Amino acid sequence: MKAVLPINYDLEFEPDFNKFKFRGKEKILIKVSKPTRQIVLHAAELEINDCTILWNEKKLRAKVRLDEKNEELILSLPKKISGKVTLLINFVGTLNDKLVGFYRSKYEYKGKERYLATTQFEAADARRAFPCWDEPEDKATFCVSLVVDNNLTAISNMPVVSKKRLGKKTLFRFDKTPVMSTYLLYLGVGDFEFLQGKLGKTLVRIITTRGKKQQGKMALVFTKQFLSYFQNYFKISYPLPKLDMIAIPDFASGAMENWGAITFRETVLLYDPKTSSTDTLQHIAEVVAHEIAHQWFGNLVTMRWWNDLWLNESFATFMATKAVDKIYPEWDFWDQFLISEITGGLSLDSLKSSHPIDVDVKSPAEVRQIFDEISYNKGGSVLMMLENFIGQENFRKGMHSYLKKHAYSNATTEDLWNSLGAASRKPVRHMMNTWVRQIGYPIIDATEVGSKIKLSQKRFLLENNGKTRPGNWIIPISVRMEDKVVTKMMMKHSITISYSSRWFKVNDGQKGFYRVRYDETALERLGKLVEEKKISNLDRWSIHHDLTALVLSNQYPLKHYLDFVRYYEDEDDYVVLSDIIGFLNFLYVLFSGEKFWDEIKEFNQYFMNVVFQKIGWDPIKGEKSTYALLRSSLISSLVKLDDKEILEEAKLRFSNLLRTDLLNPDLRSVVYSAIAWTGNSNTYQQLISLYRKASTQEEKVRFLGSLSNFKEAKLLDKTFAFALSKDVRTQSLFVPISKMVANPNGKDLVWPWIQKNWKGLVKRFGVGNPLLNKVIGSVSVMADLKHEKEIRSFFTKHHIPGTEMKLAQSLERIRIHAKFLENARKEFGQ
């Protein structure tokens, strides 16, 4: 137990939008269990003006020292103290523009520049707003007050209990919070609009900057639906009297689950029926559900330390899919889980530089690095596997027990295994520790031996260098055969299963987080079943997805893969086709400039046209909503393949939009990109002008992305310059980079631009901003060892704490691509 623990924070903040500063004062009630002359809190980028200690009816003055490196405030006392103690601290901080701590966000209303103040405290940035014990286990209650200009309003986690005029200012006092971690505290000050409703006794509000509340209608519907769903599922009421969903113009990540005051990027909360796409609608639903799930998983019960971050993020990821699928089954969200979660998890975890789900982290810089595809995607995927193993009802009972037992407290992975194990009476801990405590996942070799199938496991790596690593996962195996599904626990390196069918498919419905390699005969049989659609879309997906990993790791010939894809020519399922289109596009970009590029281009044109002829430009009445996503993906790919008919049709639709302002929202992004693809400097200026006039962030992001789709290097260089201009929000700066690396004409321009602008990017983002890691990740599209060495050398000289993991992963991907390219050249006789 820690010697000093906070019990309650009484906080008052007064932001100053003229100087971009804030004044703060706090009164912290603490419990000191051992006599001490020193108290150490977290504090960063704060100026401490005064510090007094109240103890045993005495006032003590503390000597104050700020340790900038360790982000600590050290208070030295004239005598030893113990028991209940009150700290009084006055301080000043900066309303920064780095999107962390207590920061400012700029926006325009009626042509005038305005500001609001908001917070982002996860993982360890509450210390930038007030001195505190800034670790998840140090839970306390919070009484917040905000002093703001009379024309502004204030928001925090709890409802306002009083408002008092103080001349030109108003003092807002908020109700005391439940016991919670510092990273979940919220402060908001601005000229807000409110759209509100109720679910039972809970007040639900969508909060936007002025003029945008009507775009919050869908979010209000979603919030009430998912709040109701989770209360029923967990059988535990939402514990706060209100739930605010706040759209912030500048926001580094997608959303943040502050208890009772969830913040979002505008593009992830606001929906305009006239211009918003199907993809945006579904994404809003998923993120809203994810953040509401956190109100239980993360907020009510919080991980003890960041090594168990996955207890927050994996559960929110998994539960969001469950909620959306229940309320909108027509969206096929469990099918989309393959693309949104399993793909990213399998990809990152096939690297040597991946990390276990339960990962040892010490510093805030290390913590920030694990908000990745392991903590979210892999974690969510192994939870799906676990639920499938113990059964849905046992899973639900175990979750209820876990949340009840640890409410308003902290928990570990072991606590969760205990609850799920007790509910299911199955060896949950024994099995799951092999998935969360070790890095990677297995590939299972499946071979027919007489009347049996032999299955053997080892770790799958994309960069295998001819070495194999034995696996020791406990795997719930499922094998689909012609007339039955056989399940078995794989406890050791290899097992056999009796077999009396004409075919078999391992990992039925892709419920398990592993890959499968078949011998040639078994694979050809599966190809025929794919062609005839005799197996499910999920199995058709997994056969293809596993094959792409074997191709990329040089364990299956690329030409054989292209032959095998022909089995999918009659495919009509979104998730399956999305996987194929994604890999074919990857090949097209990676091989650009190679002598055999035309062969790849020709194949892609053929395959994508076969599929596109079936779905066309316009939706057919009664088609699946996922077809809107498929149509967009196909048109985007065919544009880059120089398909004349697609490019002509895009021009017609763009001209019509300029005349009538009418264009299907699902086609806007691809039409803008098509116009850029064949465009010149006049087209470029036209798109810039449309970007500036766009009334929603979603539409702005589309135009911004299209600027990276030109062919001419001069125009692409202009896009980089534009991305750094004041016209583009810091949060959107990565949009043109992400599109540039998918442009065969732009991918080689990205690394020189990063080198040239790295210092400026670091200064603009600030150390610890997740966008820096995204920028580093963009270099992983490269495929030559010379660049790998150059990038390694550059970041050794320009090291930024918190980027080490992403850099190692990006360098490994470059080596994988280089080896793959070298093999492809040999295969195609270059």
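Colleague: Which residue in S6 is the bridge partner of Leu41?

Modeller: In this predicted model, the partner of Leu41 in S6 is Leu73.

Colleague: What makes you say that strand S2 and strand S6 pair?

Modeller: Two strands count as paired if at least two bridges are found between them; strand S2 (residues 21-42) and strand S6 (residues 72-94) are joined by 18 bridges and run antiparallel, so by that criterion they are a pair.

Colleague: How do you know that S3 and S5 also pair with S6?

Modeller: The criterion of at least two bridges applies here as well: strand S3 (residues 46-55) has eight bridges to S6 in the antiparallel sense, with Cys51 opposite Ile89, while strand S5 (residues 63-67) has five, also antiparallel, and Arg65 is partnered there with Ile74. In the hairpin of S5 and S6, four residues lie between the strands, and Glu71 takes a positive phi near 55 degrees.

Colleague: Why does the radius of gyration of the chain agree with that of a compact globule?

Modeller: For 830 residues, a compact globule would have a radius of gyration near 28 Å, and because the chain has 28 Å, the two agree. Along its principal axes the C-alpha trace spans about 85 × 65 × 55 Å.

Colleague: What share of the residues is called buried, and by what cut-off?

Modeller: A residue is called buried when its relative accessible area is under 20%, and 61% of the 830 residues in the chain are buried.

How values were computed: Residues are numbered from 1 along each chain as its sequence is written. This is a predicted model: local features need pLDDT of at least 70, side-chain atom pairs count only at pLDDT 80 or more; totals for chains, interfaces and linings use all residues. Side-chain values use heavy atoms; hydrogens and water are left out. The radius of gyration is taken over C-alpha atoms; the globule rule is 2.2 Å times the number of residues to the power 0.38. Buried means under 20% relative accessible area, exposed over 50%, partly exposed in between (1.4 Å probe, protein chains only). Helices (H or I, at least four residues) and strands (E, at least two) are DSSP runs, numbered from the N terminus.
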